[in-house]
Amino acid sequence: MAAEELVRTLFAGMVLEEMVQQLSTESTNQRSDFCVGDIVRIDLDGEMVKALHDDKHGGWNEEIVFCLGVVGSVVSILSNNDVRVSYPNDKTWRINPIALTKISKGESSKFSIGDRVKLTLELEVVKTLQTGHGGWTDTMVETLNADGEVIGIDSDADIRVRYPSGNCWYFNPAVLSIVESPPVVDVPPRDTAPPAATTPPTATTPLKGHIIPDPPPQEFSGGLASNEAARFRVGDQIRIDLEEKTVRRLQQGHGGWNEQMAGVLGATGLIVWIDDDNDVEVHYLDGKKCFFNPAILTRIQKDDVPTDRERVGS
């Protein structure tokens, strides 16, 4: 009897692994079916959900079992289409989208990772709507004349957009419109001589109707941000010890500067997320939430005791 039970257990494991591999293959390179604000639930059994959460999907935590069958809300979509879901027990988990069932559609965002977007409103309207959504800086003028690509949606449903210059900015979704792909038209071949060879376009060749500014200075490069971000982890306590003028400069290409940031200079914050471009989301006791270039931040050692003003909020 023990041998038969072992055979059944091994067979069940093989079937489970095959099902997970099939689901993962089918989901590869597909657009996310979820948006920030969607109401979702995990309807799969615990063993299946655990198998779906390898290192590529944030790994497994035993506390996730308490969220099986529980309704949660989508708070952000990651670049690999993984979904961060907030639950009534105040826990937020990174979930493989294969494991989720959409209960109802949220209204906070109509955008998905990979969408091509553009600004269609007048500049003064955009500036007004950007208040509380990353703000507006003069260096963002490039976004008025170029299409960008959605590369992230943060926990407040703001949209992170990357432009041909390599700069990335956060926008209120209300200022963005999706750029529809032009229809493909079949053109019959003509009996004419082939056209003369032309120089193939390169990454620096401007497209018609687009402005591609000069690349940002080296000190704002992704390489620096990558090296700096390696010093931090979610849960670290940080502080900004630089002068406001320096912070403003280093924020170029990393979400920009907004006036609420002036109020957190010198205060202690808590890192809650590091995105795929290595920019860092920090939360403060007074409720402020800011994205920073990691080069701006100083990690606070455990033996540093924050003052009442600097105590970390969740």
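This is a predicted model: local features need pLDDT of at least 70, side-chain atom pairs count only at pLDDT 80 or more; totals for chains, interfaces and linings use all residues.

Trainee: In which sense do strand E8 and E9 pair, and over how many bridges?

Mentor: Residues are numbered from 1 along each chain as its sequence is written, and side-chain values use heavy atoms, with hydrogens and water left out. In general, strands of a sheet pair through backbone hydrogen bonds, either parallel or antiparallel. Strands (E, at least two residues) and helices (H or I, at least four) are DSSP runs numbered from the N terminus, and two strands pair if DSSP finds at least two bridges between them. Here E8 (residues 159-162) and E9 are antiparallel, with four bridges. Val-161 is opposite Trp-169 in E9, and Arg-160 has Tyr-170 as its bridge partner there.

Trainee: Are the side chains on the faces of strand E9 buried or exposed?

Mentor: In a regular strand the side chains alternate between the two faces of the sheet. Buried means under 20% relative accessible area, exposed over 50%, and partly exposed in between (1.4 Å probe, protein chains only). In E9 (residues 168-171), Cys-168 and Tyr-170 on one side are buried, as are Trp-169 and Phe-171 on the other.

Trainee: What is found in the loop between E8 and E9?

Mentor: The hairpin has five residues between its strands, and Gly-166 takes a positive phi near 95°. Asn-167 also belongs to this loop. Asn-167 counts as buried because its relative accessible area is 13%. Its side chain makes a polar contact with that of Glu-142 at 2.7 Å; such a contact is a pair of N or O atoms within 3.5 Å, where within protein one must be able to donate a hydrogen and the other to accept it, and residues adjacent in sequence count only if both atoms are side-chain atoms.

Trainee: Which residues touch the most other members of the largest nonpolar core?

Mentor: In soluble globular proteins, nonpolar side chains tend to be buried together. A nonpolar core is a set of buried Ala, Val, Leu, Ile, Met, Phe, Trp, Tyr and Cys residues joined through side-chain atoms within 4.5 Å. The largest has 37 residues, of which Ile-77, Ile-95, Leu-100, Phe-171 and Leu-176 touch the most other members. Helix H2 (residues 46-52) gives the most to this core, with three residues. Another core, of 18 residues, lies apart from it and includes Phe-232, Val-247, Val-280 and Ile-296.

Trainee: What is the order of strands in the open sheet of five strands?

Mentor: The order is E14-E13-E12-E11-E15, with antiparallel pairing. Strands E14 (289-292) and E15 (297-299) are the edges, each pairing on one side only. Within this sheet, four bridges join E12 (residues 268-274) to E13 (residues 280-283), and Ile-274 has Val-280 in E13 as its bridge partner.
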